[in-house]
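Hello,

Here is the model I promised to pass on.

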Amino acid sequence: MNSAQTYKQTVKQWRPYFIASIIALIFSALSAFHGWYDGEFPSEELTEEEEVQQLSKDPSKVPYHDLFVKNATAIGWDWEMLAAIAYHESHFNPLASSHRGARGLMQLMPKACDRYGLNDSTVFVAEDNVRAAARCLNNIGGYFADIEDITEREKFVLAAYNAGPAHIIDARRLARKYGADANSWDDTETFLSFLKYEEYYTDPVVKYGKFNAKTTIAYVQGILRTSRMIHHGEFAMKRKRQSPSSPAVVSEPEQVPEAAASVPNEGEDEPANGSEPVVSSSVEPTNNESL
């Protein structure tokens, strides 16, 4: 048998194995592509820029869970709401700083830090930062103490934590003037969005002028959505390695609302038993920007 015949015989003998190997390679390649397309394999960019952490179905696995529970209980909030704020503000990074000066887990502005006794060291201590933020939220609630529905009131507080209370109060004034429900966030949100139009920000009932509500409305929606996801154990977190580029707060009123301009006496925030305060209708302006 010459070499040509030997070659043909070898090819014929091993042909099924060659075909099977080629088919296996094709299926392997298709499987890998399908997995990448479905997101099973992280991209190179994702690996370099983000650390993706899938939280357990057990909500208690949320970072700083115990701190959120402790401080939320003290002010009568659900702990998931504080956790959601921390996620949106700093991605649970207690050392986060922004170019605007917001610092820590809850991204408190410098005046808020001064107001609640945080210094350049303690502002980066998660326990101190969360406690100060909880007190801040509690005091902001004083502007909206007339809203009896706690769930609704919290939405107003979130908006004021982001933008300050002044424009939120203006939006409520507009809602009342036009026959809407000033105690409903859905109604008030509509008029808050109208404050970018001259017809509305020059209305006699509006005291604090023009305002672009897009960021604040999205902020409230995002906090509420994340809070629900945490509660139901459906929260998948992308923890960015770099600090956030900006704090939640987007504006600061030039002056405080007249109805809430009184300044508490020293120690008035703290009741005699040392626990966190309840909502008071007479509080110093305590939005995150103006503090």
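Let me start with a pair of helices: α4 and α11 cross in a right-handed manner (a crossing is right-handed if the near helix is turned clockwise from the far one by less than a right angle, and left-handed if anticlockwise). Helices here are DSSP runs of H or I with at least four residues, numbered from the N terminus. From α4, the contact takes in Trp 79, Glu 80, Met 81, Ala 83, Ala 84, Ile 85, Tyr 87, His 88 and Glu 89, and α11 supplies Tyr 219, Gly 222, Ile 223, Leu 224, Thr 226, Ser 227, Ile 230 and His 231; contact means heavy atoms within 4.5 Å. Sorted by class, there are 10 nonpolar, five polar and two charged residues (Ala, Val, Leu, Ile, Met, Phe, Trp, Tyr, Cys and Pro count as nonpolar, Asp, Glu, Lys and Arg as charged, and the others, Gly among them, as polar).

A word on the source: this is a predicted model, in which local features need pLDDT of at least 70 and side-chain atom pairs count only at pLDDT 80 or more, while totals for chains, interfaces and linings use all residues. Residues are numbered from 1 along each chain as its sequence is written, and side-chain values use heavy atoms, with hydrogens and water left out.

Back to the helices. α4 spans residues 79-90 and α11 residues 214-231, and they pack at about 120 degrees with their axes 8 Å apart. Axes are lines fitted to C-alpha atoms, for helices over the stretch in contact, and angles run from 0 to 180 degrees between N-to-C directions.

Helix α7 (residues 150-163) also packs on α11, at an angle of about 130 degrees and with 9 Å between the axes. The two are therefore oblique to each other (under 35 degrees is roughly parallel, over 145 roughly antiparallel, 65 to 115 roughly perpendicular, and the rest oblique). The crossing of α7 and α11 is right-handed. Among the residues in this contact are Leu 158 and Tyr 161 of α7 and Val 220 and Ile 223 of α11; by class it has eight nonpolar, three polar and one charged.

The axes of α7 and α8 (residues 165-177) come within 7 Å, crossing at roughly 135 degrees. Here Phe 156, Ala 159, Ala 160 and Ala 163 of α7 meet Pro 165, Ile 168 and Arg 172 of α8.

How many salt bridges are there in the whole structure? A search finds seven, each a side-chain nitrogen of Lys or Arg within 4 Å of a carboxyl oxygen of Asp or Glu. One of them joins Asp 120 to Arg 103, with the closest N and O atoms 3.0 Å apart. Asp 120 sits in the loop between α5 and α6 and Arg 103 in the loop between α4 and α5, so the pair ties together parts 17 residues apart in sequence.

Finally, confidence: the chain averages a pLDDT of 75, and 60% of residues score at least 70 (pLDDT is the predictor's confidence in each residue, from 0 to 100). Helix α2 (residues 44-49) is lowest, at a mean of 36, and α9 (residues 185-194) highest, at 98.

Best wishes
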